[in-house]
Amino acid sequence: QLQASGGGLVQAGGSLSLSCAVSGRTFSSYVMAWFRQAPGKEREFVGAIRWSGGTTSYADSVKGRFTISRYNVKNTVYLQMNSLKSEDTAVYYCAAGPYLSFRSTVYDYWGQGTLVTVSS
C-alpha cells in the first residue's frame with residue numbers, strides 16, 4: 001500500500017527526491033512520515049506531514065535541508081533532500097500512522113524502503 005522509490009547514489013552536497021506512492025486505501029486522516037535506518041543503527045525519524053492540512057515536522061538533523069510535501073491528486077508523498085551529507089546514507093522508509101510521533105511503533109503501514117547512498 002506504500003511504495004517508496006527514488007533512492008540512489010549521490011555526491012555529498014547534492015540533492016535527491018524520494019517518492020512514496022499510496023495505493024489501495026486513503027490516508028486522508030493520517031500522518032505520513034519518513035524514517036531512515038543506517039547500517040548498524042536504529043531506525044530514526046526524519047520528518048512527517050499531516051495529509052490533511054499539510055503541517056510538517058522534521059528531525060533537527062535534517063531541518064532546513066529536507067522538505068516533505070504531498071500531492072493529493074497522485075496520492076504521493078515526497079521527500080526532497082538537499083545538501084546531502086555522508087551521514088544521510090541509509091535506507092529510507094515511508095510510513096503512515098494515526099498521529100505524529102518520532103517513535104516508529106506508532107506507524108501502522110510501511111513501505112519497503114529505498115537506499116540512499118551519499119558519497120563524500
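**View 1. The threonine 76 side chain and the backbone of lysine 74.** In this predicted model, a polar atom on the side chain of threonine 76 sits 2.8 Å from the backbone oxygen of lysine 74. Threonine 76 belongs to strand 8, which covers residues 76–81. With a relative accessible area of 9%, threonine 76 counts as buried, because the cut-off for that is under 20%. Skip the neighbours within four places in sequence, and threonine 76 still has Ser19, Cys20, Ala21, Trp51, Ser69, Arg70 and Tyr71 in contact.

**View 2. The largest nonpolar core.** This core holds 38 residues, and the ones touching the most other members are Met32, Trp34, Leu79, Met81, Tyr92 and Tyr107. Several strands each give two or more residues to the core, among them strand 3 (16–22), strand 4 (31–37), strand 8 and strand 9 (90–97). As a general rule, nonpolar side chains in soluble globular proteins tend to be buried together.

**View 3. Tyrosine 92 and its surroundings.** Once neighbours within four places in sequence are set aside, the contacts of tyrosine 92 include Leu18, Trp34, Phe66, Leu79, Met81 and Val116. Thr114 is another of its contacts, and this threonine, in strand 11, also stands opposite tyrosine 92.

**View 4. Strand 9 and the strands it pairs with.** Seven of the eight residues in strand 9 are buried, so the strand is mostly covered. Strand 4 runs antiparallel to strand 9, and seven bridges join the two; phenylalanine 35 has tyrosine 93 of strand 9 as its bridge partner. Three bridges link strand 9 with strand 11, again antiparallel. Strand 10 (residues 109–110) pairs antiparallel with strand 9 over two bridges, and there alanine 95 stands opposite tryptophan 110.

Key:
Residues numbered from 1 in each chain as written. Predicted model: local features only at pLDDT ≥ 70, side-chain atom pairs only at ≥ 80, totals over all residues. Heavy atoms only, no water. Helix = DSSP H or I, 4+ residues; strand = E, 2+ residues; numbered from the N terminus. Buried < 20%, exposed > 50% of the residue type's maximum accessible area, 1.4 Å probe, protein only. Polar contact = N/O pair within 3.5 Å; in protein donor to acceptor, adjacent residues only side chain to side chain. Contact = heavy atoms within 4.5 Å. Core = buried A, V, L, I, M, F, W, Y, C linked by side-chain atoms within 4.5 Å. Pairing = 2+ DSSP bridges.
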